[in-house]
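Please read them beside the sequence and the structure.

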Amino acid sequence: MPTVEDCEAAQTCWFTCRAEVLGGQTWTDGPLTWVREGDEQSLMFPERLPADAVLRGVERARETGVRIIGAWLGADVDASALAAAGFERGWEPWWMTAAVAGVGAAADPRVELQQDTLDYTGEYADYGKTLLMTRVRPQHTWYAAAYDHPSGRFAGRAWSHMSTETASETAGVFDMEVWPAFQRRGLGSGLLRAVVAAAADAGARNAVLNATPEGKLLYKSCGFRQIGAGITWWLHLAPRG
């Protein structure tokens, strides 16, 4: 079964592949791996945090108009360099894993796998561009949308993603959400099973994700178990005037 390190690798691959497809950037500075997409910059699971490298990353963010920096860490990494740079401790990713065979079949008629969408409009219109990820070939990324019955209103989404660099048997589940007005109707489990089944059809044997306390009960009901936890740190940058 996957380890916490496998969960971290899946999360890193999701960030770096998104940046590659959607016009972002990825770079390294010593032991630090940075990813930028839009006005957000992320630091992905360093084993150590040299203070000078952290400050270089923050300065690059300021110079390029980044508004928020997120740092993803293992629970045992010394984060004092982040605190000294002004970061604040954030939420804990609860790493969970399941064998795809135990998650359940994709059988909810309210959930659709899609490669294009008209569901995002107005201030959310740019999110629709992320479905470019599903059109990369060979396909490593899957997106599902949920619709309320009988109204047909857009009710939630989920993604799964497998590594594009190596032959991976582990798929990550990401950005899964059911809008508050449609929760507790079984749509979450339908979304989860749809994207896990799509990855399973491409060869995945295991699935991993990071859960919040609210989501853990849903994931547990679909066969996931928690294997560890991490920590995030965040820095909000004011625009230069």
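This is a predicted model: local features need pLDDT of at least 70, side-chain atom pairs count only at pLDDT 80 or more; totals for chains, interfaces and linings use all residues.

1. Residues are numbered from 1 along each chain as its sequence is written, and side-chain values use heavy atoms, leaving out hydrogens and water.

2. Strand S11 covers residues 206–211, and because 6 of its 6 residues are buried, the strand is largely enclosed by the rest of the structure. Here buried means under 20% relative accessible area, exposed over 50%, and partly exposed in between (1.4 Å probe, protein chains only); strands (E, at least two residues) and helices (H or I, at least four) are DSSP runs, numbered from the N terminus. Asn 206, Val 208 and Asn 210 point one way from S11, whereas Ala 207, Leu 209 and Ala 211 point the other way.

3. Strand S6 (residues 94–99) runs antiparallel to S11 and is joined to it by 6 bridges, with Thr 97 having Val 208 as its bridge partner. Strands pair if DSSP finds at least two bridges between them.

4. Strand S10 (residues 170–178) runs parallel to S11, with 3 bridges between them, and Ala 171 stands opposite Ala 207. From S10 the chain crosses through helix H4 (residues 187–201) to S11 in a right-handed β-α-β crossover, meaning that, with the strands pointing away from the viewer, the path from the first strand over the helix to the second runs clockwise.

5. Val 136 lies in the loop between strands S7 (111–114) and S8 (141–147) and is partly exposed, with a relative accessible area of 34%.
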